[in-house]
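Please read them with the structure open.

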Protein chains: 2
Amino acid sequence: MENNVMEEQLRTLSELLEERRFSGAGAIVKDMNPADAAWILEELPEQRMPVLFRLLPKELAADTFAYMEPESQELLVQGFSDRELDEVMEQLFLDDTVDMIEEMPANVVKKILRHVDSETRRMINQVLNYPKDSAGSIMTMEYVDLKRSMTVEQAFERIRRTGVEKETIYTCYVTDSRRKLLGIVTVKDLLLARKDEVIRNIMETNVKYVSTHTDQEEAARALSKYDFLALPVVDAEERLVGIVTVDDAIDVIQEEATEDIEKMAAIAPSDRPYMKTGVFATWRKRVPWLLFLMISATFTSGILASFEGALAASMVLTNFIPMLMDTGGNSGGQSSATIIRGLSLGEIQYRDVPRVLLKECSVAMLCGGTLALANFVKLLLVDRVALTVAAVVCVTLVAAILVANIVGSSLPILAKRLGLDPTVTASPLITTIVDAVVLMIYFNIAKAVLGI
Amino acid sequence: MENNVMEEQLRTLSELLEERRFSGAGAIVKDMNPADAAWILEELPEQRMPVLFRLLPKELAADTFAYMEPESQELLVQGFSDRELDEVMEQLFLDDTVDMIEEMPANVVKKILRHVDSETRRMINQVLNYPKDSAGSIMTMEYVDLKRSMTVEQAFERIRRTGVEKETIYTCYVTDSRRKLLGIVTVKDLLLARKDEVIRNIMETNVKYVSTHTDQEEAARALSKYDFLALPVVDAEERLVGIVTVDDAIDVIQEEATEDIEKMAAIAPSDRPYMKTGVFATWRKRVPWLLFLMISATFTSGILASFEGALAASMVLTNFIPMLMDTGGNSGGQSSATIIRGLSLGEIQYRDVPRVLLKECSVAMLCGGTLALANFVKLLLVDRVALTVAAVVCVTLVAAILVANIVGSSLPILAKRLGLDPTVTASPLITTIVDAVVLMIYFNIAKAVLGI
């Protein structure tokens, strides 16, 4: 329903802009939520976007700007007058500024940096220097810091004075003169305390924090685990340098889940939405894995070729190759998806490996048994194959699922242990390995049982 | 590093409890973060858990309880004295109480409900009545409500008086006498406003909200889109009945991503962590899909059987079946994973279908061309097959990728349009369909070109 309302507003605004009825358009957008305004702006034809952007009230314009995609931001910056750029940059939070700068071409970055003060420029450079995907790279330096000798009243004064340009004021950070983090105090604590109470007595000293080089995913997971609104980030000397806020943590969680899903499907991950990625970019993301997997799959051709004699002797065996390979691949995919997600969420640790393997083998025996039974009945009654052929197929089926689950569960854990990304071992790669193993098992059992 | 600290503490606590040095153990846990305390309790042997729980300070005990898994909660509740249960229930937030009750057997629920006041009981029943996975079922009713005629000072008084037991105080909801939602005001707004300012003048009236029956995933997405700390939930008469807080939204986002990954790997989703799910439960989650996919895969056996003559005439064709089927499956899996995630994140709409299909076909032609070229060279130089055979394989390869991408991208969208879950159409199902189509194409091209 909400979506329909937005589509409706988009249509109305397009018409108003076309007819150059700007005050009408301005009246519609002036109370809009910035996320919605950003959506509308990006759906408009390119030449109308700057027109509507200029109709936004000053503060909303900056907030909306922060929600837009890098391409649209670039387009707007290119067209901004000096005053417009000043206004937007002044309102923008530091982490949004950094996000934008990371995606812009050099000439636009230069234009932007001319419009921020030297202190902000220093902070931008600092954040840009942290490794990609680290807590440092997504943090903001705009937090409220307090001293432990302050009273609650003094703390509120400081929040009132400095809070308007902070990204969050609800968790305040107590630091000493060398910026070492001593404790945190929330606005809720402050509101519920007496006005003359001293911060030292009400602050929480058991503070959870991450370092600037901590992986952003780990930072997001900590924030979610402890239900925090913000998580402090410290440098190598344990001095507070910034905070990661919950809204950025959610974005990280969403991005990492998308990345996991892409990698499991053998796609090189990107941080661009599907509809905004071009055909060539999509091709580049997909073709390397397809190529690699195709080449690995030729091993199966080799195996098939080496058993050509056996196949020719018993053509009926060919018919069950796809079913056996598919089932092995499916079962291995189930195992690996479960294990990869468990590793991702921190639910599975290295010390769990024996339990994981035991469990996957037990599940494989149960699933294999069920499937073999169903298949055996079908092979005899529907396909009417010889009893020995049915036996070969069903024994291979159980073996295939067992191998698939062992490979599917141990490969991601092994990858993680070796410092590799467990996700890249997912389904397609495992399928290729399982295919080869299943064929070897199949023909060797067939040779032994059928004597071909 | 953090993990090692926790493991270390776990070992120390186990030893202290074993040696019955309870005051030592109590000293360690008394300042612990509740999420950490919950982890430690659940890692301890079952008989030690209640012992350590009783060593926690009262308030920490209730917070820790909220972070524990349902089984552990049940174990604790079974052993609680009336006074202990009273203390925990009094401290627990409503949404945590409801989460717990949903998972408990009836006799434990009865015991719990005897220890909550009648107002809480009424609210619990109301929340329990909302559909599973709806915004109503995850909301809390413990929010701060204000009247628009209040001054800022009166608002702060109300927050101080009622705030301590609210789940969040940072966003306050302005309602009229019939509980209709008029606006929101944040504590930041309040702190930055004059004390005698009236709420009416500073409240934000363009309020985003969801209804009690909105899907929880949509509510979480809205919260993340607008960077809110809490999202109001209204009933059919637009009266405010509760709020969804950001910590619960993050849990929903994590759960839904896990569910998507499980379904894409053809596993019935569960909301239990892997290590806490038994072998039989895991088997039940996996075997139906394996069985269904195995039966569908027998279609491929049928197709192979029907082309037995052609195969016998040109045995070399068999060798490339696995490679063709795998590549088709991989490419279809790439398309479907991308589209399913895009649908999940709301990035792809129905009106995008023509653009999606056009793009997938273009990408398929590019990927197919690349792979066919690589394969052609390999077939001639390495495998030394006849030119005609190489041509058949490579043309089939392009066709396979084209079909795979069309099926992989359109099936999820079609499923969603029909009100089905797009995720269940993912990779394995698509693989099965693609396999069958690829075989048909392969043999028909082979028959035509090779004249067999």
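**Notes on aromatic pairs, charges over rings and buried residues**

1. Over all chains, the structure holds 19 aromatic pairs. One of them joins Phe53(B) and Phe80(B): the ring centres are 5.6 Å apart and the planes lie at 40°, so this pair is tilted. The model is a predicted one, and the distances and angles in these notes should be read as belonging to that prediction.

2. As for where these two residues sit, Phe53(B) belongs to helix α4 (residues 49–55) of chain B, while Phe80(B) is in the loop between α6 (70–79) and α7 (82–91) of chain B. The pair therefore ties together parts that are 27 residues apart in sequence. Phe53(B) has a relative accessibility of 5%, and because the cut-off for buried is under 20%, Phe53(B) counts as buried. Phe80(B), at 6% relative accessibility, counts as buried too.

3. Phe80(B) also pairs with Phe65(B). Their ring centres are 6.1 Å apart with the planes at 40°, so this pair is tilted. Phe65(B) lies in helix α5 (residues 58–67) of chain B and Phe80(B) in the loop between α6 and α7, so the parts tied together here are 15 residues apart in sequence. Both Phe65(B) and Phe80(B) are buried.

4. In chain A, Phe53(A), Phe65(A) and Phe80(A) form one aromatic cluster.

5. Charges over rings come next. In chain A, the charged end of Arg417(A) sits over the ring of Tyr350(A), 3.9 Å from the ring centre. In chain B, Arg417(B) lies over the face of Tyr350(B), and the distance to the ring centre is 4.0 Å.

6. Which residues are buried in helix α2 (residues 22–29) of chain A? Among the buried residues there are Ala25(A), Gly26(A) and Val29(A). They cover an arc of only 100° around the axis, which puts them on the same side of α2(A). An α-helix has 3.6 residues a turn, so residues three or four places apart point the same way.

7. Is Ser137(B) buried or exposed? Ser137(B) has a relative accessible area of 9%, and is therefore buried. Its place is in helix α11 (residues 135–138) of chain B. The side chain of Ser137(B) reaches the backbone oxygen of Ser134(B) at 2.8 Å. Leaving aside residues up to four places away in sequence, Ser137(B) touches Val127(B), Tyr130(B), Pro131(B) and Lys132(B).

Note on methods: Residues numbered from 1 in each chain as written. Chains lettered and ligands numbered in written order. Predicted model: local features only at pLDDT ≥ 70, side-chain atom pairs only at ≥ 80, totals over all residues. Heavy atoms only, no water. Helix = DSSP H or I, 4+ residues; strand = E, 2+ residues; numbered from the N terminus. Buried < 20%, exposed > 50% of the residue type's maximum accessible area, 1.4 Å probe, protein only. Polar contact = N/O pair within 3.5 Å; in protein donor to acceptor, adjacent residues only side chain to side chain. Contact = heavy atoms within 4.5 Å. Phe/Tyr/Trp six-rings, centres within 6.5 Å; stacked < 30°, edge-to-face > 60°. Lys NZ or Arg CZ within 6 Å of the ring centre and 35° of its normal. Arc of directions from axis to C-beta.
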